[in-house]
Amino acid sequence: MEKQHAGASEKNGRMPYEGFFEEETSQRQEDPPAGEVLDSFSKIFEGYGLDFTRYKANFLKRRLDRRMSILGIGAYQDYADFLKNNRKEFEELFRSFSINVTNFFRDPTVYEVFSSTIVPSMISNAGQSGKIRVWSAGCASGEEPYSIAIMFSRVLEKTRDLTVEIIASDISQKAIEWARLGRYPSKSLENLPVEVIGKHFTPVGEEEDKEYEICQFIKNMVSFGMSDILSSDARGLDAIFCRNVLIYYEKEAQDLILSKFHQILKPTGYLVLGMDETMLGRRCEKLFSPLMARERIYQKIDPAKGTKELGKIAIQQG
Ligand SMILES: C[S@@+](CC[C@H](N)C(=O)[O-])C[C@H]1O[C@@H](n2cnc3c(N)ncnc32)[C@H](O)[C@@H]1O
């Protein structure tokens with residue numbers, strides 16, 4: 001995996017790569033529409049077992065364009081022919097679909113608000129079970145689930161009889177391998193307070209290529225697995241962090257994912273999206289109420305108190 005770490009300029013978690021909103025930029029006149037380009041690739045993708053239909057067409061086309069420019073191939077048909085019998089190239093292309101940019105405590109205010117407002121109510125909801133389960137869906141190289149674990153570790157210091165389990169998954173095997181290892185270059189830690197680094201990381205390696213490994217206590221709070229969000233069997237969750245993942249997908253797929261989240265969250269469960277993601281004006285708006293709209297923190301609307309609209313969505317998702 002080409003491991004991309006966000007640097008200081010991405011302090012606020014804005015993605016440094018060409019974001020989805022790039023698709024709003026005007027198309028070059030000679031460019032064929034993305035849908036048309038993808039039609040000629042659909043059979044090839046299917047042959048490799050890739051269901052690309054849920055991804056945004058313009059996003060996929062940009063990935064094709066980038067691979068073609070790296071390889072010096074000008075015509076889509078030539079690239080299609082090249083791809084057809086070349087698994088290695090398909091793997092390169094697939095890797096480029098997965099953008100792993102992330103950082104620790106991405107959008108710090110989200111963590112501040114979540115920690116001061118939501119965590120206390122999660123603890124009181126945990127009740128006698130004393131268990132809190134959080135899913136980091138699309139966790140990339142692990143910075144997000146480890147940040148969640150660090151956030152909860154402060155609570156665990158003060159609260160006895162509480163267990164916090166963080167499930168972290170990603171569609172990319174390579175990302176999960178990095179995440180499990182939990183080693184990061186010093187650049188990845190440059191926005192973290194010194195006391196957080198001192199407490200939760202151990203320096204490893206020689207000076208010139210020194211890395212920082214997340215401590216065992218935090219590692220033990222997180223279990224990593226490779227899976228697609230839609231096929232994951234996570235259940236009974238108190239909160240889901242799914243940040244900067246939905247932006248890859250077409251609206252219908254986003255609705256499907258959000259409906260799934262609604263099903264598997266506990267009745268009072270919380271959902272945290274990325275700063276560029278919103279439920280405003282969506283069918284799924286009926287499934288979640290915005291608690292802190294600016295921070296993209298939502299709470300599940302309990303189906304028991306739901307509206308007709310809610311029932312309709314639940315039926316449609318089957
Ligand atoms: C831009 S990163 C976001 C990482 C982290 N959530 C954050 O906000 O910093 C998006 C991650 O989502 C993963 N991803 C994309 N589609 C996915 C899917 N269907 N299931 C699981 N992971 C997915 C990608 O592999 C990538 O690692």
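**Exercise 1.** Determine which residues of strand β5 lie on its covered face and which on its uncovered face.

*Solution.* The structure is a predicted model, in which local features need pLDDT of at least 70 and side-chain atom pairs count only at pLDDT 80 or more, while totals for chains, interfaces and linings use all residues. Residues are numbered from 1 along each chain as its sequence is written. Begin with the extent of β5, residues 211-214, where a strand is a DSSP run of E with at least two residues, numbered from the N terminus. In a regular strand the side chains alternate between the two faces of the sheet. Tyr212 and Ile214 form the covered face of β5, whereas Glu211 and Glu213 form the uncovered one.

**Exercise 2.** Identify the strands that pair with β5 and a bridge partner in each.

*Solution.* Pairing requires that DSSP finds at least two bridges between two strands. Strand β3 (residues 183-185) runs antiparallel to β5 and is joined to it by 3 bridges, with Pro185 partnered by Glu211. Strand β4 (residues 201-204) is likewise antiparallel to β5, through 4 bridges, and here Pro203 stands opposite Tyr212. The hairpin of β4 and β5 has 6 residues between the strands, and in this hairpin Gly205 takes a positive phi near 90°.

Terms used:
A residue is buried if 20 or more other C-beta atoms lie within 10 Å of its own, exposed if 12 or fewer, and partly exposed in between; C-beta atoms are placed from the backbone.
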